[in-house]
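Okay, everyone, let's get going. Have a look at the screen while I talk you through this one.

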Amino acid sequence: MIQFEDVAHDYGGGALFEGVTVALDAGSFHFLTGPSGAGKSTFLKLCYGELLPSRGTVLLNDTSLRSMSRDALAEMRNSIGVVHQDCQFLDHLDIRSNVALPLSATGRPVSERDVDDLLNWVGLRAQAEALPPTLSGGERQRAALARAVIAAPRVLLADEPTGNLDWDMSQRLLSLMMELNRMGTAVLIATHDMNLIRTAKSHVSARVLRIAGRKLQSAGSEL
Ligand SMILES: Nc1ncnc2c1ncn2[C@@H]1O[C@H](COP(=O)(O)OP(=O)(O)OP(=O)(O)O)[C@@H](O)[C@H]1O
C-alpha cells in the first residue's frame with residue numbers, strides 16, 4: 001500500500017535517515033519509535049505526500065507520490081486518516097462539525113449517529129457542541145483521532161495520538177485503532193509509549209520500526 005524505496009530525507013542540516021526501504025501493506029499494523037528529533041513525524045509526512053523525500057521514492061498503491069498531480073494527491077489523501085501531533089481544527093466550527101469534516105468537505109453523506117457513536121467512544125459526547133479552543137490538550141487529541149477515522153480510511157497515520165492521555169483513555173483509543181485495523185485499515189502509530197506498544201502486541205500482530213543512527217530498523221522481540 002505504502003512503499004519506501006531507498007528513501008532519505010534531509011531538511012538541509014544532514015540526513016535524518018537514509019536508505020529506507022520498507023512496505024506498509026494493506027491491513028498491517030506498525031509502530032514507529034525513536035528518540036525525539038529522529039524523524040518520526042517526518043517519516044509520517046513522507047507517507048502522505050506532505051513532504052517529498054530528498055532521495056528515493058515513496059509509492060502509494062504502486063504510484064510514486066512525486067509523479068502525482070495536485071488533484072491526484074488530494075484524492076489519494078481522502079483515503080488516508082492523519083492524526084497530526086499539533087491537532088489543528090477549524091476554530092469557528094464545533095467539535096461535531098470538525099470531526100465530520102473529512103466527509104462533509106468531500107461531499108460524502110454525514111451520519112449524525114455515526115458521529116455521535118464516535119464522539120461517545122472517544123469520551124467527547126458532552127463536548128460535541130464546544131469550539132476547539134475550549135478543549136484541553138487530551139480532548140483535542142481524542143477529537144483529532146475521531147476526525148481521522150470518521151471516513152473509515154484505508155490507512156491511518158497517527159503521530160503520538162496518546163501523548164496527552166491517561167492510560168485508560170490511551171487503551172480506549174488503541175482499541176479503536178485496533179478495531180479499524182481488524183476491518184482492514186493499515187495503521188502506523190508514531191509513539192514513545194512502550195506500554196502502548198506492548199499492549200497492542202498482545203492483541204494484534206504489530207511490527208515495531210525504530211529510527212536510530214539514521215536508519216530504519218526493525219525493533220527486536222524485547223518489546
Ligand atoms: N520543516 C522543517 N524544516 C527544518 N527542519 C525540520 C523541519 N521539520 C522538522 N525538522 C527537524 O527535523 C528533525 C526531525 O523532526 P521530526 O519532527 O520528524 O522528529 P520526531 O522524531 O517526530 O521528534 P519528536 O519525537 O520530538 O516529535 C528535528 O531536528 C526537527 O527540528
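So, leaving aside neighbours within four places in sequence, which residues is Leu145 in contact with? They are Val83, Val122, Ala158, Pro161, Leu173 and Leu176, where contact means that C-beta atoms, placed from the backbone, lie within 7 Å.

Quick housekeeping. This is a predicted model, where local features need pLDDT of at least 70 and side-chain atom pairs count only at pLDDT 80 or more, while totals for chains, interfaces and linings use all residues. Residues are numbered from 1 along each chain as its sequence is written.

Back to Leu145. Along with Cys47, Ala146 and Leu157, Leu145 is among the residues with the most contacts inside the largest nonpolar core, which has 56 residues. A core here is a set of buried Ala, Val, Leu, Ile, Met, Phe, Trp, Tyr and Cys residues joined through C-beta atoms within 7 Å, and buried means 20 or more other C-beta atoms within 10 Å of a residue's own. Helix 5 (residues 137-149) brings the largest share, six residues; helices are DSSP runs of H or I, at least four residues, numbered from the N terminus. Domain 1 (1-79 + 153-223) and domain 2 (91-152) both contribute to this core, so it lies between them. Those bounds come from an automatic or database assignment.

The C-alpha centres of the two domains sit 23 Å apart.

Methods. Buried ≥ 20, exposed ≤ 12 C-beta atoms within 10 Å, placed from the backbone. Helix = DSSP H or I, 4+ residues; strand = E, 2+ residues; numbered from the N terminus. Contact = placed C-beta atoms within 7 Å.
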